[in-house]
Amino acid sequence: LIHMDDPQHRVMRAIGADWFRPKAMRALKVRVDELARIHVETMLAAGGEFDFVQQVAVNYPLYVIMSLLGVPESDFPLML
């Protein structure tokens, strides 16, 4: 989107605009908080050694995006 000009930019932006409205973001917050809690618990359970890049920096945002798009968790390997 950042490399597009109108009118293409406006058309593409409109496709996902509803996903980012305040009401949708409030609804997603519960899931984002749950995912954050899961990832923090996983780090704590690792007991000191943990691949932060893979387990958090890659996986956590992907799970959030999948939740936003309504993609089931079972499709995580495919999305990754």
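I'm working from a predicted model here.

**Fold.** I looked up the secondary structure next. I find 4 helices and 0 strands, so the pattern along the sequence reads α-α-α-α. The radius of gyration comes out at 16 Å, well over the 12 Å that the globule rule gives for 80 residues, so I note the chain as more spread out than a compact globule. I also checked the C-alpha trace, which spans about 50 × 25 × 20 Å along its principal axes.

**Contacts and surface.** Of the contacts with a separation of 6 or more, I see 37% between residues 24 or more positions apart. Accessible surface: I have about 6,300 Å² for the chain, with 63% of that belonging to carbon and sulfur atoms. Buried residues make up 15% of the 80, taking buried as under 20% relative accessible area.

**Core.** Which residues form the largest nonpolar core? I list 6 of them: Leu35, Leu62, Tyr63, Val64, Met66 and Phe76. Helix 3, residues 52–69, gives the most to this core, with 4 residues. I keep in mind that in soluble globular proteins nonpolar side chains tend to be buried together.

Last, I followed Leu62 from that core. Leaving aside residues up to four places away in sequence, I find Leu62 touching Phe76, Met79 and Leu80. Phe76 is itself on the core list.

Key:
Residues numbered from 1 in each chain as written. Predicted model: local features only at pLDDT ≥ 70, side-chain atom pairs only at ≥ 80, totals over all residues. Heavy atoms only, no water. Helix = DSSP H or I, 4+ residues; strand = E, 2+ residues; numbered from the N terminus. Rg over C-alpha atoms; globule rule 2.2 N^0.38 Å. Buried < 20%, exposed > 50% of the residue type's maximum accessible area, 1.4 Å probe, protein only. Contact = heavy atoms within 4.5 Å. Areas by Shrake-Rupley, 256 points an atom, 1.4 Å probe, with all protein chains shown as cover. Core = buried A, V, L, I, M, F, W, Y, C linked by side-chain atoms within 4.5 Å.
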